[in-house]
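Work through the exercises below with the sequence and the structure side by side, and try each task before you read its solution.

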Amino acid sequence: MRKFAASTALTAIAMMVGASAAHADFWSDAGKAYEGVTIRGVSESTPPSNYVKDVLAPAFTEATGIKVEFEATSWDQMYDKAIKDMEANTGIYDFVYIEQDIVYSYLSRDFLVDLTKALADNPDLKAPTFNFDEFTSFIDYFKNDDGDVFGVPMEAFVKIYLYRKDLFGDQEAKDAFKAKYGYDLAPATTHQQYKDIADFFTQWGKDHDMELWGTTVQAHSGHPASWYEFFESWGPTFGVYNWGIDASNNYAASVANGGSMNGPKAKEALAYWLDLLNDAPPEATQSTWDEVAATFAAGRAAQGLVYGENAAWIAADDTKSNVVGNVGVALPPLSDGVMAEVEGGTGYIGYYDGGAFGIPHSSKNKEATLLFLQYIGQDEVQPGWAIAAPRITHTATYADPDVMKMDAELDGYYTLLKDKGPLFAGAPPYPFHAQVREATAPFFYEAIIGQLTADEALDKMAEAAEAELTKLGYRK
Amino acid sequence: MNSQKTGWLLLAPTLVILFIFGVVPFLYVLVTSFVHWNAFAADPTPHFAGVDNYRQLVFDDQFIFSIWQTARFAFFVVLSELVLGYMLARLMLSDFPFKGLFRTIHALPLMVAPIAVGATWRLLTVPGLGPLPYFLDTFFGYDYRIGSFADQAFFTTVVMDIWHWTPLVTLTLLAALSSLPKEPFEQAQIDGASRFQIFWYVTLPFLRPAILATVFIRMMDALRTVDEIWMLTGGGPAATTRYIGLYIWRVVFPKTDYGYGAAVSLVTLFLTIVLCWLLYVGLVARRGQKSVN
């Protein structure tokens, strides 16, 4: 793994040196006017962000003379700081992380600079190596109705079904599974299969005195991560889309008013998800996205839905992961009819997550920041970034030889992202994202610890969602 | 007259700073509490709402539950820290080997930032990683999961706070105990008072000012605790540890409901002042009146 890390770093540096040599004139010339300027940004501390902080920002400083102060912090703090700064117009941050699900809120408040317009207005600042057309369709999430871009995508990945190839390929386990369930042990394609596998490996762990459970569950009982796991990952696999809120029908959430947040599919999905807790490691109710990845990497779960940004280190970094070489990748299990709805354009099978960097109107260094965003948005820097953290934002990155090699190590994750990515979707275009989440989450947490049943929780959540939407003025 | 002018002149910088950083924000929160204002509402501009926000909180089950849980939390931590702190202070008055080292180690938690305390306790309590669940299971067969069991989470936050802040109580009471005059104790011994009688009738009255100051400080701290709890449990499981500070944070920041958040903050401040006033009346004013009578 050390050898892999060293070669990855060398490749990345070599590519950047090559890139900066080829376009040295532009970056140094453009940077001259801003030499000594310090731009500040805030982002969530994730593998892709840390690569920007540790590799791309220093390389940009070397090429342009513009210093970059990059604050990588927790998800909650990142939002707090960015929103407070933009709301108060203080101008502390020159670029902020825009998670795909919050972009509609930011656009509704006109927090962000129109990058398309900014580049058109400042042709001297347009890097020859930067082109919006080189990005994957994920960039569409950061456009307004006119097609103008407000954020440079820096990460894009899907929440994927990971499973332990060593366990799934173990002959004794295969035989025992077939004997018990009457079909072959393989990555689940239906919910019943997923539950069977979870039950089986939980029992397998007990029988073999192993610290092993059947599935990860991102079920923190006091953090929105659990809410997201349900509404963005598991709900869609049961046919519950857009959180069960019908935006075209006066933002109805309850079945009584035409929504589906407390509909039969949602109730079936939540009951199923809560039942998975019986096959999850004991840390599940304290697990956000980070802990789920850690649990899987520790070898404590046979399968689970894990954010793709963590797939690389789980699959390949033996300094952090106990399951290197044993990670399989597949699509999540689905209910009957979901794939037909996806093909018909009315559904999706899971969450296409990611984010971009945007420039707040409050920034005092917009031009220098515009250079930085173009620097990290060049084709040349993408392969090294994709290898360090499995995120792909450019179409050309898939064909890079090093990325293809990494793809094999990740059991075809990049291929799956490329071919099956369109089956997944980002968050619905709601400007009230956090508000509805916070209004409904308390009931969801109560369901996790058994204070409410799935049905009771969803009924209360639908009612709370509609009350909040009415209060916010979206629901009339 | 001249010296009065000089006095006001010398006080002026402090008064200006207090006005800017104390009075102005308070007035801002007060005004905000009378508006409907959400940054991501269909209309994000503030609108006068009269007393709507205050009316809303009267019927807000989550707010009332948070107040109740906070009161329980404050009761347990302040009482426990006072008793433990007093016992430790008495212990530190006596001589024993490595007393200096013990005193230093004992005070170390005070130097740790609350957020780091929360992070440390989170690591201690996560099943599969933390030693607490492991040892409790190995030696007592106790299923310790603060993400799943409400009572466990509540008392873990109580224990964490006691661990963090008892040294402050100890040091305050140690200072008070060290400065007590010897004569009344000698007199009490000569009069044949028992140890309990000496504690109740001599030590406690002498310590009352220090105890009251400590109780006030710790109670106000406990009522506004946020960082440690946010890091350890996030307010969960469900609403078990969503103490009022965390509740306000959720309303104001993720939910961006500034008007309602301001109203909740002011009512919480009012309740804190009332509680302190009741304590003051109950423990200080009445006592003073008795002494006069």
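**Exercise 1.** Find how many residues of chain B are in contact with chain A, and describe the classes of the residues on that side.

*Solution.* Begin with the contacts in this predicted model, where two residues are counted as touching if their C-beta atoms lie within 7 Å. By that criterion, 28 residues of chain B are in contact with 29 residues of chain A. Next, sort the chain B side by class, which gives 14 nonpolar, ten polar and four charged residues.

**Exercise 2.** Describe the secondary structure of chain B and the order of its elements along the sequence.

*Solution.* Start by counting the elements: chain B has twelve helices and two strands.

**Exercise 3.** Determine what share of chain B is buried and what span its C-alpha trace has.

*Solution.* Take burial as 20 or more other C-beta atoms within 10 Å of a residue's own; of the 293 residues in chain B, 31% are then buried. For the span, the C-alpha trace extends about 75 × 75 × 35 Å along its principal axes.

**Exercise 4.** Compare the UniProt record with the model for residues 7–31 and 198–217 of chain B.

*Solution.* First consult the unreviewed UniProt entry, which lists both spans among those under "transmembrane region". Then turn to the model: residues 7–31 of chain B are 100% helix, with end C-alpha atoms 33 Å apart, while residues 198–217 of chain B are also 100% helix, with end C-alpha atoms 27 Å apart.

Methods
Residues are numbered from 1 along each chain as its sequence is written. Chains are lettered from A and ligands numbered from 1 in the order in which they are written. This is a predicted model: local features need pLDDT of at least 70, side-chain atom pairs count only at pLDDT 80 or more; totals for chains, interfaces and linings use all residues. Ala, Val, Leu, Ile, Met, Phe, Trp, Tyr, Cys and Pro count as nonpolar, Asp, Glu, Lys and Arg as charged, and the others, Gly among them, as polar. Helices (H or I, at least four residues) and strands (E, at least two) are DSSP runs, numbered from the N terminus. A residue is buried if 20 or more other C-beta atoms lie within 10 Å of its own, exposed if 12 or fewer, and partly exposed in between; C-beta atoms are placed from the backbone. UniProt positions are given in the numbering used here, feature names are shortened, and annotations may be inferred rather than shown by experiment.
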